[in-house]
Amino acid sequence: MSGIRDVPSPLVGEGQGGGEARRGGRPPTPNPSPQGGGESRWRLGSGGLIDRSRSVGFTFDGRGYRGHPGDTLASALIANGVRLVGRSFKYHRPRGILTAGPEEPNALVELRSGARREPNTRATTAELYDGLVAASQNRWPSLRFDLLSLNSLVAPVLSAGFYYKTFMWPASFWEKVYEPLIRRAAGLGRASGESDPDTYEKAFLHCDVLIVGGGPAGLMAALAAGRTGARVVLCDEDFRLGGRLLAESLVVGERSSAEWAAHIAAELAALPDVRILPRTTVVGSYDDGTYSALERVNDHLAEPPEHEPRQRLWRIFAKRCVLAAGAIERPLVFGDNDRPGVMLAGAVRAYLNRYAAVPGRNAVVFAAGDETARTVGDLSRAGVRVEAIVDARTEVPASIEAAAKASGARLLAGGAVVRAIGSHAVRAVDIRTAKGETERIACDLLAMSGGWSPTLHLTSHRGSKPVWDERIAAFVPGALPKGMSTSGAAGGRLGLLEALETGARAGLEAAGDCGYAGQPVEVPEVEPESTVFAPLWRVRGPKAKAFVDFQNDVSEDDVALAAHEGMRSVEHLKRYTTLGMAADQGKTSNVTGLALMAELTARSIPQTGTTTFRPPFAPVAIGAIAGHHRGKEFRPTRLPPSHRWAQEQGAVFVETGYWLRAQWYPRPGESDWLESVSREVRTVRSGVGVCDVSTLGKIDVQGPDAAEFLNRIYTNTWTNLAVGRARYGLMLREDGFVLDDGTTSRLAEHRFIVTTTTANAAKVLQHMEYCHQWLWPELDVAMCSITEQWAQFSVAGPCSRDVLRGVVDPQHDISNAAFPYMAAAEVSAMGGIQARLFRLSFSGELAYEIAVPAGYGDALIRRIMEAGREFAIAPYGTEALGVMRIEKGHVAGNEINGQTTARDLGLGRMMSSRKDYVGRVMADRPALLAPDRPTFVGLKPVDRTARLRAGAHFVPVGAEAVAAVDQGYMTSVAFSPALGHWVGLGLLAGGASRHGERVRAYDPVRSGDELVEVCDPVFYDPAGERLRG
Amino acid sequence: MRIDCCYCGPRGNEEFAYLGDATLARPPADPAAPLDDAARAQWHDYVYLRDNPAGPHRELWQHVSGCRAWLVVTRDTRTHEVVKVEFAREVALARVGAKP
Amino acid sequence: MHYSIFSLIGQALRGNTGWQPVWRDAELKPAYDIVIVGGGGHGLATAFYLAKEHGIRNVAVLEKGYLGSGNVGRNTTIIRSNYLLPGNIPFYEWSMKLWEGLEQDLNYNAMVSQRGVINLFHSDAQRDAYARRGNAMRLNGVDAELLDQAQIRAMLPYLDFDNARFPIQGGLLQRRGGTVRHDAVAWGYARGASDRGVDLVQHCEVTGIRVEGGRVVGVDTSKGFVRAGKVGLACAGNSSRVAALAGLRLPIESHVLQAFVSEGIKPLVDNVITFGAGHFYISQSDKGGLVFGGDIDGYNSYAQRGNLPAIEDVCESGMALMPMIGRLRLLRSWGGLMDMSMDGSPIIDRTPIENLYLNAGWCYGGFKATPASGWCFAHTIARNEPHALNAAFRLDRFATGHLIDEKGVGAQPNLH
């Protein structure tokens, strides 16, 4: 591995480096002369976990820079001396890099360009690649000069929630003037506005132990669990395992911390049942050990390689989960604490140690914790002059005094930084000494630390409430969700030794819970370290903006105003000031905001509230959550058996649910759909046509109680249906409204084939299974869907019998006498192929439906066409099917819409009074029997040339069209070739008794208003003679 | 959320269809018996009223994308924890005193 | 105190120290004329209109958490009155009219933004169903326009028109529909009610409802017993639990609905758009986040959190509709508890218990209804009879069969 080598440091040479440094992989000397790849004096001459053998170029705001593989965009910018990287949300204040991780509130950039532009990308986690293009956001005209920074001048007026108190006059100005201005000013980065060109994947993963985080605790946990043989998955959001071990110059056993991490990673990689997922963030924790994790498969490249996804969303099912996600450092609140160059101490150490990038030349360190010693040590070893150590505590430990001595820094115990000076970069800091005097110290870097908050988000996702831990002045996980344990900093154990120990224990326990025993892993020797720090949240100082939530520009004053206006609960604070609601979800600000509110309202922090974290832990590309379900692949496509043949015929297709059905079959010379459809209808009525009706639901029902079962789910009677006969049936829901209809045939004493509408096939099957398994389990009956297994075609028209004689095998007599209307039989066709023949008619013509196993569907349609050639047979689609059913006044989906009763549809006579059935009782409620309910009628335009439209409402002639006179609506319409004009079906108040009346079909949304005549819904062959011929 | 189907084993909840309260019993339905107010009230309660408890809830799910068995799942509506899964038909058979 | 640009400037000059609390955090008194259970949008609006429209000010609103901690702060902020059925349209249209005057009514800017709500359709049958709906709206004097594909393309060029599994054929547009800053609605009503003398009591959970001789006399709370002339329940999500305190069973199930917001971006989506071939609706907040949602998870829940399948389904629908959002990031998802009623429509009515009133069953449509719900509930409580606008939202409609089933899916709450 490229990385830390022991390069002697001048300071260490003088024996002032402190024990830690003498033992450690230590950051080497700076190289004052610009070197490798146009890099500057901001990159150390050697060291860091970057590949100096290669140099990569990138641009920021159009200017070219160079960095190394192993850099993040943030470290590369620092190594190029770039400090100003963004503008804040509200006041457009200049901002620099604050952190070295995903919690970054300031350094958000637009990464990539064109359709691949990704707004709000954290520079601190964006892996550097050759040709990377990044731009700052939310500024105009430029990052250095941003007009809207003028907002700062009126900041007092732009106090928390100011917009609730103004923009109210004149009322009409809100949408027209105020809001557009606000919307333009708000938001951060710009979306590309173009379709995402990349692809995404979803994948499932099952394991015994999921370990979240590859730092010291996570590595130990993975090792302990992995050695037991348990199936272990280790996810780390970084592209390199180690976490804090890479960011610090620590010693583990005989190795530098980074080398130890690599060593453990290597052993883990060698274990057969351990799977390491780098660049993978576990973003959500859900019920029953389900976790979602985002793998950034190719975000470290300019573009994903061909056939590879950009990202992959894992759904991980884990018996146990060890949360080892570390902790997030907190900023301190003081005047102008957001100036570029003010950085978290941990981030400063990370940039020095891991990236050999120098965030400043003259540093001041401000904190109230013992870690300061390490910060100072790392800085001075890197050749950064530490001007002062400001520790809010009056009593500072020896380690810090030693660090001060070693680095030659002034130690200001009991002091505090009250203000940062400078605008685009910090130039100095004002310090209030223990004596209360204020003095200004020049510096270009302020390393601050307000302590650490455990990264406990995943525990909170499942509703476990964090508890306050005075020991580290932070929230730690409370009662953990089932199957989850924590280790290391995530559990409030901030020290390295604790991390290793708790990790080893948690890993072993988790594996043990899954039935894998093993030996405890030996914890390597590490330097004892003190993680003590005194609670310090804010510093009172001169009037200057002191920020709590950097990204949303929520200042101390805003929190005070919220308290003042009674927005005191943590949720009110959040919602009123927007604290914690920015893209970082308050990772660095929530606890501080809570602490300030507690202080302002004289309550303890736990009394004030806890923070609730919601998924995802880190923002996730919406495309990744959708995976490949987009475009044509959004949902599956079901193809009827004749699809290929229909394509050959040049059919026009239509989506009906997941099915793709032939809508009509245009012929050369036909000018529009109406001409084709009308021709198909005429062909059926005068000769013969064929239509694929395989999409209708088919359910095979068998058993001694099959007939009794049908009696209970249908309104009409089935026990008296003869074998070899079919019958039309009607089903209700238990609430008495119509569920579905269809024709069901009795093939044998104990065997029925139920058909449903295409739309309700799944619903009806589910309903029948419910009725059998739950309502009447004692019935000896079984059922199964055979919709997919059987291809079924309707052959309709006066010549249909002649055509079928050429399809059905000759031994079967299908004459009218032998096979009358509503006959059903199992036959053979096309020379011995198993088939079913039904004498059914939806069209009103002499018609049959013939079914064969789906695999023969294509052969059957070709055979039917061949047999029908001499009769000029033509295929017809769903449109012609619809026209003929409307001409015949059959109800369909438009009428069976879940709001109609059997009586509404004129099917009351089908409700048996001699037996019970689903829906019988509730159908008898007063409102369902009301005479003025809209009932099923037919409608003709008075002006026969007029077109009718479904969805038009019926209003009385001569009355003003208002809701009070609304009498129903048109459900279905068609142009009837038989009648030569448009006809309609509808639901009209008291319609059954109004035949002959005229009403208006009022259709304002399409500027329609037609006079129509109410009539019987059966327009064609009312006597029904044709279908019996 | 995962449901341990009696037949298929643990599966994600997206494979199941939810119906609801499994403690409801369909009232006696003799077409000859008159529908008096008591009977109507009984049917109204069956079709429309729910206890909707916050806590353990016996409910009907169907493994539609699996074995298609209807299941009686006992689940805590506050935590989503599934504590028991039974074949609905077996529960129903016990209810009517018949054998599988 | 009156809010205006002048008060803002005046206060700014005084260092913003002169502001008064948005509402009085009241101590619980022993007795009230009316006690409203539930300090969410509907409860607070009810109290406001009781005081404003009926002059009844001796009123307490009891909230077990913080004001607005329920669904008023957990929704996708959409307002519309594009309903289908007679029982619904006039009510939701009245709500829309109240929204239109809200800032002036409350002297509080809840950012009512009439950006237009578009329901897309993807088949002839869906088009006709939307025509039926649009015509019903027009008959009720509500604005509705049926747009064809070309018109939709002109308005929303970024939708997937050319590679869609379910091609967009057009949409039903209600221009007056839009969005409102949800929390501000709770705060605005709270402020308005408080200014009129209503006691708003936070962290006060109702633990019992006392009934004597078939008449309600008060409620037991975590802060003691409160005598009440009348009690109104407005605690959607938990209606069944609270009603059970009075021995009532309701035609309601509690379900979880998840909602989502993306990272803040510059203006991208101007309108409220609803996908017709999947569960997805989206708008963009003034702060820049894309706010979107879909279907309920589909099982009884009081957990205020959902699961992955519903989240994936929503994002799949989003990508199918507007593939430009692929690289934008989901920032936060959360869950709210829905009072899913048996016909998908709400209940605002008296109950079998005298002086006990019920406001419940809002399914996932409660936010847009907030003003009219409060207005009608206040009327129903004050006059002891429903107003014509909520006359259809009766509790006994399930027995009589006067259902208001917009979707026509029947007595199964998770399908509404």
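Student: How many aromatic pairs are counted over all chains?

Tutor: In this predicted model, the count over all chains comes to 45 aromatic pairs.

Student: Why is the pair formed by A:Phe167 and A:Trp174 called tilted?

Tutor: The ring centres of A:Phe167 and A:Trp174 are 6.1 Å apart, and a pair requires centres within 6.5 Å. Their planes make an angle of 45 degrees. Planes under 30 degrees apart would count as stacked and over 60 as edge-to-face, so the rest are tilted. The pair of A:Phe167 and A:Trp174 is therefore tilted.

Student: How do you know whether A:Trp174 is buried or exposed?

Tutor: The relative accessibility of A:Trp174 is 2%. Buried means under 20%, so A:Trp174 counts as buried.

Student: What makes C:Phe121 and C:Tyr130 a tilted pair?

Tutor: The ring centres of C:Phe121 and C:Tyr130 lie 6.3 Å apart and the planes stand at 40 degrees, so this pair is tilted. Both residues are buried.

Student: Which residues do ring pairs link into a cluster?

Tutor: Ring pairs join residues of chains A and C, including A:Phe162, A:Tyr163, A:Phe167, A:Trp174, A:Tyr576, C:Tyr3, C:Trp19 and C:Trp187.

Student: Which members of the largest nonpolar core touch the most other members?

Tutor: They are C:Phe91 and C:Tyr189, in a core of 117 residues. Helix α10 of chain C, residues 366-383, gives the most to this core, with 8 residues. Apart from it lies another core, of 77 residues, among them A:Ile50, A:Leu128, A:Leu344 and A:Ala382. In soluble globular proteins, nonpolar side chains tend to be buried together.

Student: With which residues is C:Tyr189 in contact, leaving aside its neighbours within four places in sequence?

Tutor: Contact requires heavy atoms within 4.5 Å. With those neighbours left aside, the contacts of C:Tyr189 include C:Leu44, C:Phe48, C:Tyr49, C:Leu102, C:Thr370 and C:Pro371.

Student: What pattern does chain B follow along the sequence?

Tutor: Chain B has 2 helices and 6 strands, in the order β-β-β-α-β-β-β-α. Among contacts in chain B with a separation of 6 or more, 44% join residues 24 or more positions apart.

Student: What share of the residues in chain B is buried?

Tutor: Of the 100 residues in chain B, 50% are buried. Chain B exposes about 4,500 Å², and carbon and sulfur atoms supply 53% of it.

Student: How many positive and negative side chains does chain B have?

Tutor: Chain B has 13 positive and 14 negative side chains, and the centres of the two sets are 5 Å apart.

Technical notes
Residues are numbered from 1 along each chain as its sequence is written. Chains are lettered from A and ligands numbered from 1 in the order in which they are written. This is a predicted model: local features need pLDDT of at least 70, side-chain atom pairs count only at pLDDT 80 or more; totals for chains, interfaces and linings use all residues. Side-chain values use heavy atoms; hydrogens and water are left out. A nonpolar core is a set of buried Ala, Val, Leu, Ile, Met, Phe, Trp, Tyr and Cys residues joined through side-chain atoms within 4.5 Å. Buried means under 20% relative accessible area, exposed over 50%, partly exposed in between (1.4 Å probe, protein chains only). Helices (H or I, at least four residues) and strands (E, at least two) are DSSP runs, numbered from the N terminus. Accessible areas come from the Shrake-Rupley method with a 1.4 Å probe; for residues, only the protein chains shown count as cover. Lys and Arg count as positive and Asp and Glu as negative; His and the chain ends are not counted. The place of a charge is taken as NZ of Lys, CZ of Arg, CG of Asp or CD of Glu. Rings of Phe, Tyr and Trp (its six-membered ring) pair if their centres lie within 6.5 Å; planes under 30 degrees apart count as stacked, over 60 as edge-to-face and the rest as tilted.
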